[in-house]
Amino acid sequence: MASALLSLPFNLPPSSSPLSAVLNSPKPKSHIRLFTSSRRRVRVTASAADQEKTKDTEKDSDSDSAAFNPFGFVTDNPSSRSAIQISESPAESGNVGQMLYRIEDKGKEYGKYFRAGEYVWFVRETGSAESERGTVVFLHGAPTQSYSYRNVMSQLSEDFGFHCLAPDWLGFGFSDKPQAGYDDFDYKEEEFHKEFDKLLDKLRVKSPFYLVVQGFLVGSYGLTWALKNPSKISKLAILNTPLTVSSPVPGLFKQLRFPFLGEFTCQNAVMAERFIEAGSAYVLKLEKADVYRLPYLSSSGPGFALLETTRKANFNGILSQISSGFASGRWDTPTLVVWGISDKYLPQSTAEEFQKANPTAVQLKLIEGAGHMPQEDW
């Protein structure tokens, strides 16, 4: 598994970013239109005696007022437009219906729906279940989805012959979003584990298999599931995931735990894409941002699922389980930690501390230039 992951071609994104273009660009012309429009309105009042001149001036003023765009300082600047992912048609960016129509079919590469127990999961699959190389199961973190693994899955299947599966956790991506308090699923760690077991049975995943885990909350639940089921895993790969009790908690999850502020924050449709960008050195391309945004645009369900998952999580307890459970003498399954060192949420020291706690079983590979989601950056 390690050789397969490390054999993937790495191409660095361009060194320049849309943000630098914004900072170095000249002042937008919309500022000029604003002040000009204001001056013309003053002239209309001052020259009221001259009726014909006043009429002409009013026409000019009305025309400019109609053309004035209060967000022109962003939308009139190509580099700004690119940086904040505004489309060429501003109406599509401001109208939810138009946005959904434009992106509703995006982001379901290799995906199918499977009912496991009471709930329907969206699962991406590449390669053949009969592959002699075995099956790799990819688990994403919050607040993202399995879409982040699409390129890695494709290459592992096409170039190396692996069978790959990547589900959207319940409450995330395109999977069902049970309603906490009304459905049997209440977004606690043990419930995620129980439903994941049902999904593995439904997909007929043969044990042992390779497991790849990345990210916060549900990503961490992938690791605690591994600790409970070591015999089902042949090799484990961990990408930028909180691994020690000293791992910091991002501001997003702190906000979600506050009453009222959490309810407001969880309904931010661009939350996922902004979380990804904030943890990386790069801005997402529009077609990628669309996919991460889509579930949160489609309904309030994903936001409230994230809210419940965050509030039900025992961060300290989870991190204690992981740091002690994978230590020497307690974990001997071959494990590869692949770490993007440009991660803005988790420092490199987190991965190094984790590896030192079990140097026999755990190998560490640092990826220069990659951020919190190496599978998306590289």
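Reader: Where in the chain does Arg204 have its place?
Author: First, the labels: a helix is a DSSP run of H or I with at least four residues, a strand is a run of E with at least two, and both are numbered from the N terminus. Helix H10 covers 189-203, and strand S5 covers 209-214. Arg204 sits in the loop between H10 and S5.

Reader: What kind of model is this?
Author: Residues are numbered from 1 along each chain as its sequence is written, and side-chain values use heavy atoms, with hydrogens and water left out. Local features need pLDDT of at least 70, side-chain atom pairs count only at pLDDT 80 or more, and totals for chains, interfaces and linings use all residues, since what you have here is a predicted model.

Reader: Which residue is joined to Pro143 by a cis peptide bond?
Author: Pro143 lies in the loop between strand S3 (135-139) and helix H9 (150-160). The cis bond there has an omega of about 5 degrees, and the partner of Pro143 is Ala142.

Reader: What is omega for the cis peptide bond from Ser207 to Pro208?
Author: Pro208 belongs to the loop between H10 and S5. The bond from Ser207 to Pro208 is cis, with omega near 0 degrees.

Reader: How many salt bridges does the count come to?
Author: Side chains of opposite charge can pair when their charged atoms come close. The rule used here asks for a side-chain nitrogen of Lys or Arg within 4 Å of a carboxyl oxygen of Asp or Glu. Going by that rule, the count is 10.

Reader: How many residues apart are Glu376 and Arg150?
Author: These two form a salt bridge, with their closest N and O atoms 2.9 Å apart. Glu376 is in helix H19 (residues 374-377) and Arg150 is in helix H9, so the pair links distant parts of the chain, with a separation of 226 residues.

Reader: Which helices does the Glu263 and Arg311 pair link?
Author: Glu263 makes a salt bridge with Arg311, and the closest N and O atoms are 2.9 Å apart. The two residues are 48 apart in the chain, and they link helix H13 (residues 261-265) with helix H16 (residues 301-312).

Reader: In which helix do Glu308 and Lys312 both lie?
Author: Glu308 and Lys312 form a salt bridge, with the closest N and O atoms 3.1 Å apart. They are 4 residues apart, about one turn, and both lie in helix H16.

Reader: How much space lies in the second largest pocket?
Author: On a 1 Å grid over the protein atoms alone, a pocket is an open set of points with protein on both sides within 12 Å along at least five of seven lines, a cavity is a set where a 1.4 Å probe fits but cannot get out, and lining residues have an atom within 4 Å of a point. Points are joined across faces, edges and corners, and a volume is the space filled by probe spheres set on them. This pocket is lined by 16 residues, and Arg204 is among those nearest its centre. Its space is about 290 Å³.

Reader: Which helix gives the most to the lining of the largest cavity?
Author: A search of the whole structure finds 3 cavities of 30 Å³ or more, and the largest one holds about 70 Å³ of space. Its lining includes Phe315, Ile318 and Leu319. With 3 residues, the top contributor is helix H17.
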